[in-house]
Amino acid sequence: MTELDYRAVAAGLFFGFWPLLMQRSMLPGNVSAWVFGAVSLAVVTPFAFKEIGSVPFHEVRWIFGILAGVSGGIGILAFNGGLPKTTSATVSDYFVVMMVVQISVPAIYNILVTGRVTPSKLIGYAFAGIAAYILSK
């Protein structure tokens, strides 16, 4: 496995755990989104400061960073707004539905960017959708 593979696995594990932990916090949706954002900022800040200046400031495409932050913020508010309404038994179903939609976005993006879909990717998308459907039942 490459470093990129290890990073993807680690991200998947931690992205998989945080909603399950947050659901147990009993925080209301917007408060849990704020706690998530504040603690995430505290964890990320030291690492971010190490990289400041690694790319010339004038070359950074700030609009995409800002749009990504807005998109992520809205997503966290939407997702965390539903977490308090789940139970320990239903939180995984809620999470799976979100993941199916989340997986669909880069899959569609890939098709739009490349202008094609290979048979193997089409089969993979179908199996991912079927697996997500079965897991949410």
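Helix 4, which covers residues 91–114, packs with helix 5, residues 119–135, at an angle of about 170 degrees, and their axes lie 9 Å apart. Because angles over 145 degrees count as roughly antiparallel, helix 4 is described as roughly antiparallel to helix 5. The model is a predicted one.

**The contact between helix 4 and helix 5**

- The crossing in which helix 4 passes helix 5 is left-handed.
- On the side of helix 4, the contact involves D93, V96, V100, A107, N110 and I111.
- On the side of helix 5, these residues meet K121, Y125, A132 and L135.
- Sorted by class, the contact of helix 4 with helix 5 contains 7 nonpolar, 1 polar and 2 charged residues.

**Helix 4 itself**

- Helix 4 consists of 24 residues.
- From its first C-alpha to its last, helix 4 reaches 35 Å, which is close to the 34 Å expected at 1.5 Å a residue.
- V91, F95, V96 and A107 are buried in helix 4.
- V96 and A107 also belong to the residues of helix 4 that meet helix 5.
- The cover over the buried residues of helix 4 includes helix 1 (3–23), helix 3 (62–82) and helix 5.
- Just after helix 4 comes G115, which takes a positive phi of about 75 degrees.

**The contact between helix 1 and helix 3**

- Helix 1 passes helix 3 in a right-handed crossing.
- Helix 1 contributes W18, P19 and M22 to the contact, and helix 3 contributes I76, F79 and N80.
- By class, the residues in the contact of helix 1 with helix 3 are 5 nonpolar, 1 polar and no charged.

**S40 in helix 2**

- S40 is located in helix 2, which spans residues 29–51.
- Is S40 buried, exposed or partly exposed? With a relative accessible area of 27%, S40 is partly exposed, because that class lies between under 20% for buried and over 50% for exposed.
- S40 and M26 are separated by 14 residues in sequence and by 18 Å in space, taken from C-alpha to C-alpha.

Key: Residues numbered from 1 in each chain as written. Predicted model: local features only at pLDDT ≥ 70, side-chain atom pairs only at ≥ 80, totals over all residues. Heavy atoms only, no water. Axes fitted to C-alpha atoms, helices over the stretch in contact; angles between N-to-C directions. Helix = DSSP H or I, 4+ residues; strand = E, 2+ residues; numbered from the N terminus. Parallel < 35°, antiparallel > 145°, perpendicular 65-115°, else oblique. Left-handed = near helix turned anticlockwise from the far one by under 90°. Contact = heavy atoms within 4.5 Å. Nonpolar A, V, L, I, M, F, W, Y, C, P; charged D, E, K, R; others polar. Expected span 1.5 Å × (residues − 1). Buried < 20%, exposed > 50% of the residue type's maximum accessible area, 1.4 Å probe, protein only.
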